[in-house]
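Reader: Good morning. Could we go through this structure together, beginning with the strands?

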Number of protein chains: 2
Amino acid sequence: MLKFDGDKIRVDEQQKRELFEMICQERSSGAVGYYDLPSSSQQLVEQTKEFAKDLFADIVVQDIVIIGIGGSSLGIKAIDSFLSASQSSSKTLHYLENSDPLQIIRTLTKLDIKTTLVVVISKSGTSVETISILKAAIAHFKIDLMGSKRLICITDPDSALDRFAAHYSLKVFHIPPTVGGRFSALSAVGMVPLTLAGYNTLAMLSSAEEKLETFFNYRDHYILSRAVQIAQSEPDRYIHILFSYASALEDFNKWFVQLWGESLGKKDSNRRRTKLIPVALIGSVDQHSFLQLIIDGRLNKSVTFIDIANRGVDLIIPDLPLPFLESSDIFNNESFADLISTQCSSTMASVKQSGTAVDKITLNGYSEDDIGELIIYFELLTSLVGLLLDVDTYDQPGVELGKEILYQTYKEKK
Amino acid sequence: MLKFDGDKIRVDEQQKRELFEMICQERSSGAVGYYDLPSSSQQLVEQTKEFAKDLFADIVVQDIVIIGIGGSSLGIKAIDSFLSASQSSSKTLHYLENSDPLQIIRTLTKLDIKTTLVVVISKSGTSVETISILKAAIAHFKIDLMGSKRLICITDPDSALDRFAAHYSLKVFHIPPTVGGRFSALSAVGMVPLTLAGYNTLAMLSSAEEKLETFFNYRDHYILSRAVQIAQSEPDRYIHILFSYASALEDFNKWFVQLWGESLGKKDSNRRRTKLIPVALIGSVDQHSFLQLIIDGRLNKSVTFIDIANRGVDLIIPDLPLPFLESSDIFNNESFADLISTQCSSTMASVKQSGTAVDKITLNGYSEDDIGELIIYFELLTSLVGLLLDVDTYDQPGVELGKEILYQTYKEKK
């Protein structure tokens with residue numbers, strides 16, 4: 001169970017109740033599918049395990065390469081990077097997402113198709129990066145498509161990619177069409193590759209389900225209060241900083257930036273442009289970078305700190321007094337785990353003292369439970385803030401124009 | 001030579017001239033040392049090469065581990081990550097910066113001291129992370145300090161770390177005391193490790209020197225105009241986004257965020273808090289994340305795109321029409337290098353059309369020339385904007401309070 005601390009929030013009961021009813025209505029409308037994933041994906045995980053047993057009896061797989069971008073890679077990476085800090089998965093995950101040729105070549109050349117499984121993920125099958133990289137992978141690995149066991153597709157039912165998979169009799173897992181890309185971490189998008197890699201995805205889903213059920217039974221008022229606070233303070237405090245005190249949360253930070261930015265960076269129903277902006281930092285390193293600006297820059301920010309209570313492995317700072325470096329001897333015999341957590345609380349105190357709103361989420365450890373609950377917490381928070389700001393949390397109309405110009409450029413070249 | 005494009009900037013001659021005189025004055029005051037580095041560090045590089053020849057004849061070095069944080073690691077990483085995309089350095093650089101125990105253990109355990117050189121970097125020798133990790137490294141590798149050839153120090157003359165090095169007869173390289181951490185990439189901080197790793201640091205310095213001399217001969221008006229534009233639009237456009245279209249620029253992005261945020265996120269001489277905020281993105285991936293918010297969120301941003309003209313290696317998208325995935329066939333036979341650059345220009349066009357200010361820097365390739373010029377460009381731009389905003393660009397008073405609270409916490413524990 002995560003622990004939530006922060007500035008006292010005063011939100012009256014009626015506001016919370018109204019907001020709660022709005023999200024219940026959104027859930028019962030059936031238009032937003034991610035609310036059902038923590039329970040519905042459990043069966044999917046069981047099916048994936050059965051599939052994996054047969055597949056891995058048939059072919060050798062040491063590496064799994066994910067071809068996908070945005071919502072089709074950020075969630076998997078966030079969870080994989082976090083969990084792999086403290087455990088080894090049975091297969092190693094790799095990612096092909098950027099259209100950068102150096103990056104693609106570097107990843108392809110280090111893999112051997114005799115021990116690699118290719119997983120292509122796209123809700124529609126139209127992302128230029130994903131399909132172009134898929135073609136490059138097919139050519140590089142000389143994959144014989146018909147009935148290939150080395151290529152799996154994860155996509156919406158009846159999408160272009162789904163039809164492609166059916167045409168070649170490839171294994172396909174479906175994403176519910178009502179689940180948007182950036183809310184899809186707990187769908188087949190995240191659960192299939194992570195199960196294949198050997199992570200305990202069922203624990204992740206159970207933990208998310210418990211959080212979700214507590215929330216929808218109106219027994220989690222903290223998250224409702226946070227959402228009201230964020231929406232109410234939007235004109236003044238619109239820069240939302242996630243300050244994560246663990247290197248393994250760097251990909252989670254990127255997942256958060258997409259979730260928050262793409263969901264809430266919108267025109268509302270009155271065509272008013274929202275102000276909210278996500279920024280994500282890693283402690284302690286970014287104390288030596290962005291912190292100065294939080295303290296002395298304009299007071300338009302709120303900072304959510306993430307700490308980890310039990311880091312599993314630890315390292316003691318040796319009791320090694322070094323001549324002339326005595327100013328650091330106060331930390332001798334202390335543990336790095338204690339140091340980084342104390343840096344987190346000290347920085348939080350200094351940020352609060354400077355007049356910036358703060359709160360803190362403490363994970364218990366580096367487990368599937370922790371990351372499952374953390375993901376559903378931020379998804380619910382995003383949905384709630386979206387309702388209060390009166391935006392369509394689940395679309396992304398702003399990204400279309402650039403794509404149109406790209407296609408137009410190539411059409412004119414032909 | 002970099003290429004600079006963007007919206008037309010109208011800045012009158014007198015404003016430019018005044019600003020130019022301000023920066024000339026700052027330079028001639030001698031208080032800001034980084035202006036001299038492109039020329040003065042050339043001798044340092046020659047000395048480092050001589051030193052390296054002797055050292056590597058004496059001991060085997062395959063890996064170099066940098067112990068340093070903030071300005072003592074970000075610049076090295078930025079350059080190393082960028083250059084290693086297209087060339088192999090003769091030694092591999094590793095970084096120990098965060099106080100995260102999992103990260104420290106992971107890095108230490110993959111290194112063998114028989115083939116590793118430890119480089120500890122700190123201007124003062126008081127950073128808690130740096131000194132505590134140094135102690136952990138000494139204990140882990142069982143380094144016999146007196147006269148050790150496996151440990152090098154880079155620090156200010158007469159600092160605590162300098163005295164420590166002298167005490168144990170360790171090799172030390174000095175940072176000019178007038179060069180601040182985040183402006184130190186071209187000092188011993190960056191040049192010594194990168195020279196030891198085998199990069200052509202002289203080319204980097206020559207390129208930076210050429211840019212600097214052109215600027216100080218009043219023959220580079222673009223950068224003056226950009227600075228005036230940024231400072232003038234600060235009340236409205238204060239979120240400065242660097243959108244770099246190359247995976248290898250991810251660490252450069254982090255270097256930029258520190259440079260911009262820590263230099264300009266300040267109270268000015270009237271105690272007014274500045275608004276400027278840096279955000280850094282990677283294309284094409286972040287088109288699927290932050291772009292939505294740039295287009296439809298509040299119009300308070302400007303975006304600098306970075307593209308690379310010649311990516312060296314390339315990969316052709318195979319002419320492989322796939323059934324049902326025909327919508328992407330327009331890219332068949334095109335190169336990924338062309339695709340990512342066209343994504344850059346298409347996204348730039350869409351951002352401009354949405355009403356956001358844009359400009360673009362095109363690097364010629366992945367060379368030392370490119371990165372040297374890019375670094376000095378952003379350093380000069382930061383200094384100029386700092387002068388116009390009337391802040392002390394070179395201090396960081398905001399980070400002290402958190403440190404005080406940290407030390408106080410440990411003092412109370414004892």
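Author: Let us begin with one pair: strand β7 (residues 239-244) of chain A and strand β9 (residues 301-308) of chain A pair in the parallel sense over 6 bridges. Strands here are DSSP E runs of at least two residues, helices are H or I runs of at least four, and both are numbered from the N terminus. Two strands pair if DSSP finds at least two bridges between them. This is a predicted model, in which local features need pLDDT of at least 70 and side-chain atom pairs count only at pLDDT 80 or more, while totals for chains, interfaces and linings use all residues. Residues are numbered from 1 along each chain as its sequence is written, and chains are lettered from A and ligands numbered from 1 in the order in which they are written.

Reader: Which residue is the bridge partner of A:L242 in β9(A)?

Author: The partner of A:L242 is A:T304.

Reader: Which helix packs on the sheet, touching β7 and β8 of chain A?

Author: That is helix α10 (residues 250-264) of chain A, whose direction makes about 175° with that of β8(A). Contact means that C-beta atoms, placed from the backbone, lie within 7 Å. Angles run from 0 to 180 degrees between N-to-C directions, and axes are lines fitted to C-alpha atoms, for helices over the stretch in contact. Helix α12 (residues 336-353) of chain A also packs on the sheet, where α12 touches β9 and β10 (357-363) of chain A and makes about 165° with the direction of β9(A).

Reader: What is the strand order of the open sheet in chain A?

Author: The order is β1-β10-β9-β7-β8, 5 strands with mixed pairing. At the edges are β1 (3-6) and β8 (277-282) of chain A, each pairing on one side only.

Reader: Now the peptide bonds: where is a cis one in chain A?

Author: A cis peptide bond joins A:G283 and A:S284, with omega about 0°. A:S284 lies in the loop between β8 and α11 (291-296) of chain A. In chain B, the bond from B:G283 to B:S284 is likewise cis, with omega near 0°.

Reader: What is the phi of A:D390?

Author: A:D390 has a positive phi of about 65°, although it is not a glycine. A:D390 sits in the loop between α13 (368-389) and α14 (400-413) of chain A.

Reader: How many other C-beta atoms lie within 10 Å of A:D390?

Author: There are 13, so A:D390 is partly exposed.

Note on methods. Contact = placed C-beta atoms within 7 Å. Buried ≥ 20, exposed ≤ 12 C-beta atoms within 10 Å, placed from the backbone.
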